[in-house]
Amino acid sequence: MRQKITLKHIAKELDVSVSTVSKALKDSIEISLDTRQKVKAFAKLYNYKPNNIALSLKNRKTKTLGVIIPEIVHHFFTTVIGGVEKVANEKGYNVIICSSNNSFDKEVINMEMLASGSADGFIMSVAKETQQKKDYHHIQETMSQGMPVVMFDRIIDELVCDKIIIDDAKGAQTATNHLLSIGCKKIAILTTVDYISVGKLRTNGYLRALMAYDIPQNDEYILKIEDVDNCEKEISDFLKNKDIDGVFAVNELFAVTAAKVLSKEGINIPNDVSIVGFTDGILSKHFIPSLTTVSQHGEEMGERAAKLLIEKLESEDTTTEEYRTVIIDTSLVERESTKKTRKK
C-alpha cells in the first residue's frame, strides 16, 4: 500500500518549507507562480489529499478539542492541559494534544492534521519559530474555515480570537519588587530574546520595577538567551564574578540553573544572592534551596480556555462574533531562595 503523501513529504522533495507548500496549494500570491505550479503538479502526481477540509465537515461534530503546545515536558503546559481536560471531560469532550517542539513547520502540520476532522476547535500557545517568522497563515485559515481558536500564554496580538493570558509585565514587576523590598539593589535578569513575547513582557516588568525605585537600567545585568534548552554555559559565563545581590529569571529553568551555577561558585543563596523565578513548577518546589517564584496558575488558565472554546462551539448565535481576552492573576510564592528580612 502506497504511503499517504503529506505536506512534509512534498516540502522535502521540492526543497521548500512546509509553509510554502501550504500556501502554494491554496494559490497564495505570496508564492511565485512557478513554485505554485510545481507544488500543485507534484501533489497531483502523488494524489495528495489536502487536510484543510473543515468546511465540508462543518456540521459533523467530533466533540474533540485540539490542543497545540510548544513543548510537552514543560510543567506549566502540563498544568494547562490538566485544566483543559478537567473541563472537557465534564462537558463530554475529548482532548487531542500535539506538541510543536517550538517548530513552525510542525505547528502548521499539527493544525492541518487536526483541522481535517479530528477536532472541532483549537486551544494553542504558539511555537517560538512562529513568533520569530511572524507567519500566522495557518491559524488565520483555520479560523476563516469556521473553526474557533483560543490562544493562551504565547499569543499573537494581530489575530482576532479569544485569548487567555496573565499580565506578564505585572508578574515580573511583582517578582522584582520582592527582591527590591528585601534590600537587593544590583539585580540581574535572565530572560529570552525579544521575539519571544512573554520574555519581552517580563523584561519590561523588571525594568518598570527598577524605575519605580529610581535604579537606572544597567545592560550588564541583562542576559537575553536564545537557546533556552542549552543555557547553562551562557548563564555561568554571565554570572561569573558579577557583582550582584539578586537574580530574576523569566522561567523556571533559568532560575534553577542560576541557583546551581552560583552555588558551585560558593555563593550562598539567599544570604549572598536572592533568586526569584517564574512558573511555579516541580523544580521550584523541590530544588534545594526551594525557589521563590511567580505562579501562573496554569490549571485555571486551561479551565478558562476550555470553557471559552466550548461556549463558542455550542453557541447557536453565529451572526455575531465577540472575542474575549481573559487575564489570570499571578501570585508570588515565597520560599527559601529569597531572604525573609531586609538588609541592614
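Select Arg-202 and Asp-168. They form a salt bridge, with their closest N and O atoms 2.8 Å apart. A salt bridge here is a side-chain nitrogen of Lys or Arg within 4 Å of a carboxyl oxygen of Asp or Glu. Arg-202 lies in helix H9 (residues 197–212) and Asp-168 in helix H8 (residues 168–181), so the pair ties together parts that are 34 residues apart in sequence. Helices (H or I, at least four residues) and strands (E, at least two) are DSSP runs, numbered from the N terminus. Both Arg-202 and Asp-168 are buried. Buried means under 20% relative accessible area, exposed means over 50%, and partly exposed is in between (1.4 Å probe, protein chains only).

A note before moving on. This is a predicted model, in which local features need pLDDT of at least 70 and side-chain atom pairs count only at pLDDT 80 or more, while totals for chains, interfaces and linings use all residues. Residues are numbered from 1 along each chain as its sequence is written, and side-chain values use heavy atoms, with hydrogens and water left out.

How many salt bridges does the structure hold? There are 19. Side chains of opposite charge can pair when their charged atoms come close.

Next, select Asp-243 and Lys-186. Their side chains meet in a salt bridge (2.6 Å, N to O). This pair links distant parts of the chain, 57 residues apart. Asp-243 is in the loop between H10 and strand S8 (246–249). Lys-186 is in the loop between H8 and strand S6 (187–192). Lys-186 counts as partly exposed, at 33% relative accessibility.

Now go to Asp-280 and Arg-335. Here too the side chains meet in a salt bridge (2.8 Å, N to O). The two residues are 55 apart and link distant parts of the chain. Look for Asp-280 in the loop between strand S9 (274–278) and helix H12 (282–286). Look for Arg-335 in the segment after strand S12 (331–333). Are these two residues buried or exposed? Asp-280 is buried, and so is Arg-335.

Then select Lys-23, Glu-30 and Asp-135 together. These residues are linked in a network of salt bridges.

**Surface patches**

Patches are made of residues with over 30% relative accessible area and no salt bridge; like charges are joined within 9 Å, and nonpolar side chains (Val, Leu, Ile, Met, Phe, Trp, Tyr) within 5 Å.

Select Glu-226, Asp-227, Asp-229 and Glu-234. They form a negative surface patch. Lys and Arg count as positive and Asp and Glu as negative, with His and the chain ends not counted. The place of a charge is taken as NZ of Lys, CZ of Arg, CG of Asp or CD of Glu. Glu-234 sits in helix H10 (residues 232–239). Its relative accessible area is 32%, so Glu-234 is partly exposed.

Now pick Ile-72, Val-73 and Ile-97. They make a nonpolar surface patch of about 280 Å². Accessible areas come from the Shrake-Rupley method with a 1.4 Å probe; for residues, only the protein chains shown count as cover. Ile-72 is in the loop between strand S1 (64–69) and helix H4 (75–90). Ile-72 is partly exposed, with a relative accessible area of 45%.

**Backbone stops**

Select Ile-269 and Pro-270. The peptide bond from Ile-269 to Pro-270 is cis, with omega near 15°. Pro-270 lies in the loop between H11 and S9.

Move to Ile-288 and Pro-289. A cis peptide bond joins them too, with omega about -5°. Pro-289 is in the loop between H12 and strand S10 (292–295).

Now find Asp-15. This residue is not a glycine, yet has a positive phi of about 60°. Asp-15 lies in the loop between helix H1 (7–14) and helix H2 (18–25). At 70% relative accessible area, Asp-15 is exposed.

Asn-102, also not a glycine, has a positive phi of about 60°. Find Asn-102 in the loop between strand S2 (94–99) and helix H5 (104–114). Asn-102 is buried, with a relative accessible area of 17%.

Select Thr-257 in helix H11 (residues 252–264). Thr-257 counts as buried, at 7% relative accessibility. Which residues does Thr-257 touch, not counting those up to four places away in sequence? They are Cys-231, Glu-232 and Ile-235. Contact means heavy atoms within 4.5 Å.

Finish at Lys-312, in helix H13 (residues 298–314). Lys-312 counts as partly exposed, at 23% relative accessibility. Leaving out residues up to four places away in sequence, Lys-312 touches Pro-148, Asp-162, Glu-321, Glu-322 and Tyr-323.
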